[in-house]
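Let's take a walk through a protein model together.

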Amino acid sequence: RDGMRVAIDQVITCQPTHVIMGVALEAFWGGVRAADELQAELTARAGVGISMGSTATVAALQKFGARRIAVLTPHQPRGDEQVRRYFEEAGYEIPRLIGLKCPSPVQIAHTTAEQVVTALRALDGDDVDAIVQVGTNLAAVELCAQAERWLAKPVLAINAVTYWDALRRSGIDDRMLGRGSILERF
């Protein structure tokens with residue numbers, strides 16, 4: 001977590017107009033208040049807007065009017081607890097959460113498409129308005145976009161949602177096909 005500040009200092013030398021924080025779990029750690037404080041601190045440090053997965057996902061869920069969500073994480077139980085805590089503090093009910101328990105951040109990237117699809121199907125149900133996939137190293141943007149068609153509900157991949165948040169907060173209203181309904185519709 002401390003490395004984020006050094007990374008901000010380094011990346012800001014290229015004079016970006018907005019920064020995407022591509023480390024998901026730290027954006028959930030400690031609940032809503034801690035995430036808001038982290039985002040404010042990093043924004044002040046960078047001098048530009050910061051998009052991070054936790055707050056971006058809440059903004060996306062609000063666009064869909066979702067209140068009950070199922071969540072897919074690549075994390076161990078301790079990380080899953082942090083993700084659950086964040087979303088519950090943000091006002092969401094979570095009937096189901098599947099943690100894939102990947103043994104390391106590198107192993108998250110080795111999760112197969114079959115594992116993701118199986119988990120998304122297991123998370124679905126009439127009792128959820130949307131499914132959320134967290135874990136920025138879990139390559140699931142296209143799979144989640146495809147799942148929206150066969151599950152007939154929003155399936156939000158954290159990387160697509162964070163990118164959407166950065167675009168919209170930067171005044172860019174471009175729409176993208178094939179990366180999820182958040183980028184297509186809002």
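## A glutamine with neighbours

Let's start with Gln 39, which touches Ile 50, Ser 51, Met 52, Thr 55 and Arg 169, leaving aside residues up to four places away in sequence. Touching, or contact, means heavy atoms within 4.5 Å. Gln 39 sits in helix α3. Helices here are DSSP runs of H or I with at least four residues, strands are E runs of at least two, and both are numbered from the N terminus.

Is Gln 39 buried or exposed? Its relative accessible area is 12%, and that makes it buried. The cut-offs are under 20% for buried, over 50% for exposed and partly exposed in between, using a 1.4 Å probe and protein chains only.

## What you're looking at

This is a predicted model, where local features need pLDDT of at least 70 and side-chain atom pairs count only at pLDDT 80 or more, while totals for chains, interfaces and linings use all residues. Residues are numbered from 1 along each chain as its sequence is written, and side-chain values use heavy atoms, with hydrogens and water left out.

Now find α5, residues 77–89. Its 13 residues reach 18 Å from the first C-alpha to the last, close to the 18 Å expected at 1.5 Å a residue. That expected span is 1.5 Å times one less than the number of residues.

Which residues of α5 are buried? They are Gly 79, Asp 80, Gln 82, Val 83, Tyr 86 and Phe 87. They lie on the same side of α5 because they cover an arc of only 160° around the axis, the arc being that of the directions from the helix axis to the C-beta atoms. An α-helix has 3.6 residues a turn, so residues three or four places apart point the same way. On the face turned away from the buried side of α5 you'll find the exposed Arg 78 and Glu 81. The buried residues of α5 pack against several elements, including α3 (31–46), α4 (53–64) and β3 (68–73). Just after α5, Gly 91 takes a positive phi of about 100°.

Helix α1 covers residues 3–11, and Met 4, Arg 5 and Ile 8 are its buried ones. Seen down the axis of α1, these fall within an arc of 100°, so they line one face. They pack against β1 (18–21), α2, α3 and β2 (49–52).

## Two helices crossing

Next, spot α4 and α9, which pack with their axes 8 Å apart at an angle of about 85°. That makes α4 roughly perpendicular to α9, a label for angles of 65 to 115 degrees (under 35 is roughly parallel, over 145 roughly antiparallel, the rest oblique). The axes are lines fitted to C-alpha atoms, for helices over the stretch in contact, and angles run from 0 to 180 degrees between N-to-C directions. Among the residues making the contact are Ala 56 and Ala 60 of α4 and Val 161 and Trp 164 of α9.

## A glycine and some cysteines

Gly 135 is in the loop between β5 and α8 (141–151), and is buried at 4% relative accessibility. Gly 135 and Ala 24 are 111 residues apart along the chain, yet their C-alpha atoms are separated by 5.6 Å.

Cys 144 is buried at 0% relative accessible area, whereas Cys 14 is exposed at 56%.
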